[in-house]
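I opened this notebook to keep track of what I looked up, and in what order. The entries follow below.

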Amino acid sequence: MTTLLEPQSDFMTTIHAEMARQMSDSRDSIAQSGDIAVDIAEAIRRTGRLILLGMGGSHAVGRALEPSYRALGIEAVALPLSEQLDSPLPLDGWTAIVTSQSGESAEVLRWFSEGHAPKDAFGLTMEGASSLAGIVPCLVGAGGSEIPFAATRSLTVTLALHAAVLQHLGADLAPVIAAMSQATAPDMQKAISHFANVRAIVTSGRNQQGVAEAIALGLTELSRLPCFSLESGQLRHGPVEMLHPDVGVVMFRTADPSATYVTNLAEFVVRESKSPLIIFDASDLPPVDGAHMISCPTGHGLAACFTLLSAAQKFMVDFAAARVPDVGTPQRCSKVTKVE
């Protein structure tokens with residue numbers, strides 16, 4: 001059995017400070033969004049088509065937002081900027097939102113410098129003085145860039161910037177605002193112990209697949225274990241062959257019709273394998289026997305993104321701190337990737 005390490009105080013203090021203010025910064029981001037959020041919403045309404053572009057955590061946020069825009073009748077798709085550079089989707093008549101927390105990512109700057117942006121192009125960033133903010137109109141998140149390696153607060157604030165746009169497209173933000181005050185960071189010691197022997201992790205969701213991808217990215221960066229994400233339908237179609245006692249599974253379940261399929265897959269994982277399973281549950285459905293359940297406030301859609309992400313971030317950070325003696329210290333990359 002793996003011996004759990006003591007959390008590293010400097011990293012934990014810094015990243016917990018970031019997470020502690022992410023909801024207040026998110027509320028401020030919505031309040032400060034102003035005319036740019038209106039302009040972005042008007043462009044999206046006019047074109048009816050939206051491409052969400054970013055890298056890393058910024059792309060994961062785009063994946064998380066696809067369902068919210070589609071629910072309002074917008075043809076929304078999220079793609080990595082590298083993919084759009086190498087095999088571009090024609091964007092005439094589309095609105096583009098490019099997200100870069102630093103505003104300095106290599107792919108972002110090349111995409112604009114090579115003239116790929118459509119007429120209606122906007123940015124989302126945490127840095128108002130960044131290169132991205134100097135190229136296109138940008139929504140800027142409150143609180144400035146986060147300092148620690150692995151995105152936490154910046155992900156949540158970026159969700160809030162999108163919420164500011166969505167409200168001008170007709171979305172009801174009352175559940176979102178309520179979720180910001182309901183978000184919790186439960187104790188994760190039992191969850192960490194449940195994963196004591198895992199050597200790889202797969203995260204999975206249906207409507208919350210973007211959150212699953214964001215958490216897989218952070219787990220990989222911080223724990224240095226192989227961690228990846230597969231949408232639940234995709235996980236069931238073949239990759240379940242990898243299930244094993246040393247392959248942990250993390251699933252996300254919310255109060256919407258997709259909960260049935262998440263539950264079915266979770267029961268399959270328990271029944272057909274010895275993979276330890278953790279479920280972040282916002283569905284208010286009965287627990288899945290054999291899974292470690294982490295209860296979150298009941299919700300769906302964008303509101304559930306906030307509460308699920310808050311709880312899952314806590315697991316991501318605490319799990320990594322129990323595994324890695326110098327957690328939060330990148331070995332091969334940097335907080336901002338400026339080279340392709």
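Which element gives the largest share of the lining of the second largest pocket? I found that α14 does, with five residues. Before going on I noted that this is a predicted model, in which local features need pLDDT of at least 70 and side-chain atom pairs count only at pLDDT 80 or more, while totals for chains, interfaces and linings use all residues. Residues are numbered from 1 along each chain as its sequence is written, and side-chain values use heavy atoms, with hydrogens and water left out.

Entry on terms. Helices (H or I, at least four residues) and strands (E, at least two) are DSSP runs, numbered from the N terminus. A pocket is an open set of points on a 1 Å grid over the protein atoms alone, with protein on both sides within 12 Å along at least five of seven lines, whereas a cavity is a set where a 1.4 Å probe fits but cannot get out; lining residues have an atom within 4 Å of a point.

Entry on the pocket. I read a volume of about 440 Å³ for the second largest pocket, and its lining has 23 residues, with S68, H300, G301, L302 and A303 nearest its centre. Besides α14, the helices α4 (57-70) and α9 (174-182) each supply at least two residues of this lining.

Entry on the cavity. My search of the whole structure gave one cavity of 30 Å³ or more, and the largest cavity holds about 40 Å³ of space. Among its lining residues I listed A60, V61, A64, V211 and L309, and α4 and α11 are the elements that give two or more residues to this lining.

Entry on the sheet. I traced an open sheet of five strands in the order β7-β6-β8-β9-β10, with parallel pairing (two strands pair if DSSP finds at least two bridges between them). Because β7 (227-229) and β10 (292-295) stand at the edges with a single partner strand each, one side of each is left without a neighbour in the sheet. Strand β6 (residues 200-204) pairs with β7 over three bridges, and I found C227 of β7 as the bridge partner of I201.

Entry on the helices. Helix α11 (residues 209-223) packs on the sheet and touches β6, β7 and β8 (247-254), where contact means heavy atoms within 4.5 Å. Helix α14 (residues 301-321) lies across β6, β8 and β9 (277-282).

Conventions. Axes are lines fitted to C-alpha atoms, for helices over the stretch in contact, and angles run from 0 to 180 degrees between N-to-C directions. Grid points are joined across faces, edges and corners, and a volume is the space filled by probe spheres set on the points.
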